[in-house]
Amino acid sequence: MITIKTSEEIKTLREGGRRLAEILQRVVANVKQGISTFELDRLAESLILASGGAPAFKGYRIKETRKSYPCSLCTSVNDEVVHAIPSQDRFLKAGDIIGLDIGMRWGGLFTDMAVTVGIGKISQEAERLIRITKESLGVGIRAVRPGARTGDVGYAVEQHLKKNKLGVIRDLAGHGVGYAVHEEPLIPNYGKPGIGPELKEGMVLAIEPMATLGDWRVVLADDEWTFKTMDGSLAAHFEHTVMVTSGGVEVLTKNSGPC
């Protein structure tokens, strides 16, 4: 069921989103060569708890998995697209890129966001992948307005990624968010204009383009959570929680930093 949030709930989501954006900004500031993904997860969780929130992902389980997600942050490195589990043995190296996906329940409601950043000097192709994928998030958000369809959003994202010759992940998608981490509607990063559920004022959505330097196909790792590119190409992921307003869209996880 697609839900419409009340004005009071929107106030809570706006504050939770602002706090989550600040937390992710502080995690990004600590991304460096030699740090483990486990250390980043510990930092993220401590900041969430200090903010009065609760990690949205820790303990989350979907019917396709036998075990719940064990951490508060997803740390997807290089060819890992999303949902990679932090590890004490996974240390970042110069030239790596990492997707940081984080969610928080604050005031009883959920917000969700992600960024991809490079470690030290990265290749020109990796830089292009990150830049274009981030741009596609903005393109998708600008397609959100009352009366638009989810296909309009997916079409906008897809066209921007395709014209820049990036692979568009098709097996993973954006979604509604707020009362739960994942709600309807599903928002693929591809589509046709005028197709799909209609967007209405008060809907809260997670828009999240995922792109690769190669093919769009993904495989699930043995840990049952990590999605990787099938061809081993680099992947990037960006995400914001947004609200459909009477005049268009408001980003709820916006901050003043580079994220």
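Buried means under 20% relative accessible area, exposed means over 50%, and partly exposed lies in between (1.4 Å probe, protein chains only).

The model is predicted, so local features need pLDDT of at least 70 and side-chain atom pairs count only at pLDDT 80 or more, while totals for chains, interfaces and linings use all residues. Residues are numbered from 1 along each chain as its sequence is written, and side-chain values use heavy atoms, with hydrogens and water left out.

Side chains of opposite charge can pair when their charged atoms come close. A salt bridge here is a side-chain nitrogen of Lys or Arg within 4 Å of a carboxyl oxygen of Asp or Glu, and a search of the whole structure finds 18 of them.

| Salt bridge | N to O distance |
|---|---|
| E250 and R14 | 2.6 Å |
| E45 and R42 | 3.0 Å |
| D96 and K93 | 3.7 Å |

Helices (H or I, at least four residues) and strands (E, at least two) are DSSP runs, numbered from the N terminus. E250 is partly exposed at 23% relative accessibility, and R14 is partly exposed at 35%.

E45 and R42 are 3 residues apart in helix α2 (residues 37–50), so about one helical turn separates them. E45 is buried at 12% relative accessibility, whereas R42 is partly exposed at 33%.

D96 is buried too, with a relative accessible area of 6%. Elsewhere, salt bridges that share partners join E15, R18, R19 and E22 into one network.
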